[in-house]
Amino acid sequence: MKPNEIEISHHDKVLFPDTGITKRELADYYARIAQRLLLYAKGRPLTLRAFPEGIGEEGFFNKHAPDHFPDFIRRIEVPTRDAGREAALMSSADEAADLVYFAGQNVIEIHAALSTEADLEKPDQLIVDFDPSDDDFDKVRRVALGFCELLDSLALNAFWKTTGSRGFHAHIPIRPERDFSTVKGWAKALARKLHDEMPAETTLEQRKDKRGDRVFIDVLRNDYGQTAVLPYSVRAREGAPVAMPIRADELEDGDLLPDRYTLKNVFQRLGQIEDPWRHFKRRRIGAKRLAEAVS
């Protein structure tokens with residue numbers, strides 16, 4: 001049985017110098033948000049981003065579960081695609097205690113695979129990332145709204161979240177029936193359709209120096225071994241912003257920024273609205289339907 005109380009060493013250590021948020025406050029947040037966050041974390045290999053000296057210093061990513069993690073942090077064995085390399089043992093999170101332990105290890109950000117241990121080769125969601133090239137965030141909102149219109153025309157729907165960083169993520173829940181290569185092909189087709197409709201405002205160019213001031217429609221996360229920041233994860237940025245699920249109509253709000261929701265105001269928002277992602281699993285669509293829609 002996992003401990004209900006996990007001792008947090010150096011609990012008064014300040015992880016966010018600009019706001020004075022401490023390790024204890026981070027752990028308290030993850031304990032309180034666990035019921036929601038774990039819906040999207042359970043059974044998934046996790047990549048953890050830790051900042052031992054706070055966000056003012058360089059952090060690092062842990063794709064492998066560190067050897068010093070206790071046994072109650074369950075590992076998921078993830079086969080590698082690289083010849084001669086052993087499978088990775090990656091951390092998972094099943095209970096609030098796991099998230100609290102991560103915070104005690106200075107983990108601020110939690111990123112998850114797009115597939116579960118039930119079948120690591122077949123993703124259960126498709127992600128499109130809208131990444132700005134400049135500070136004109138209204139343009140990002142316009143492109144995201146354009147994607148909503150495109151999906152409507154294809155009888156598809158996405159679940160949106162602010163990333164807590166620079167842009168938006170659109171998640172399309174799918175049944176895990178096809179491999180990553182197939183799903184990435186569908187994502188590329190959607191990106192191409194949107195770019196064809198909004199060529200002046202969007203780009204599919206991977207090289208940053210060739211994007212100009214256009215919004216990059218990024219589908220690169222739809223690959224085996226790639227991850228995306230979990231809904232409700234804190235981000236290692238000033239103000240402790242949180243990756244926040246939003247309704248599609250909130251994209252019309254001119255005051256919406258990717259870092260609008262923070263560790264300090266998350267629960268105020270959650271007390272005022274219904275969960276925009278409450279039907280996420282129920283809205284999964286099959287491979288045949290998605291293939292037909294994007295063809």
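This note sets out points on the sheet, the helices packed against it and the aromatic contacts of a predicted model.

1. Basis. Local features require pLDDT of at least 70 and side-chain atom pairs count only at pLDDT 80 or more, while totals for chains, interfaces and linings use all residues. Residues are numbered from 1 along each chain as its sequence is written, and side-chain values use heavy atoms, with hydrogens and water left out.

2. Sheet. Six strands form an open sheet with mixed pairing, in the order E11-E12-E8-E10-E9-E14. Strands (E, at least two residues) and helices (H or I, at least four) are DSSP runs numbered from the N terminus; two strands pair if DSSP finds at least two bridges between them. E11 and E14 (244–246) are the edge strands, each with a single partner, so one side of each has no neighbour in the sheet. E8 and E12 are antiparallel, paired over three bridges; phenylalanine 130 has isoleucine 217 of E12 as its bridge partner.

3. Helix H3. H3 packs on the sheet, touching E8, E9, E10, E11 and E12, and its direction makes about 15° with that of E10. Contact means heavy atoms within 4.5 Å. Axes are lines fitted to C-alpha atoms, for helices over the stretch in contact, with angles from 0 to 180 degrees between N-to-C directions.

4. Helix H4. The buried residues of H4 include Phe180, Trp186, Leu190 and His195, where buried means under 20% relative accessible area, exposed over 50% and partly exposed in between (1.4 Å probe, protein chains only). The buried residues of H4 pack against E8, H3, E10, E11, E12 and H6.

5. Aromatic pairs. The model holds 16 aromatic pairs. Rings of Phe, Tyr and Trp (its six-membered ring) pair if their centres lie within 6.5 Å; planes under 30 degrees apart are stacked, over 60 edge-to-face and the rest tilted. Phenylalanine 147 and tryptophan 160 are edge-to-face, at 6.2 Å centre to centre and 80° between the planes. Phenylalanine 147 lies in H3 and tryptophan 160 in E9, so this pair ties together parts 13 residues apart in sequence. Both residues are buried.

6. A second pair. Phenylalanine 159 and tryptophan 277 are also edge-to-face, at 6.1 Å and 75°. Phenylalanine 159 is in E9 and tryptophan 277 in the loop between H5 and H6, so the parts joined are 118 residues apart in sequence. The relative accessible area is 6% for phenylalanine 159 and 2% for tryptophan 277.
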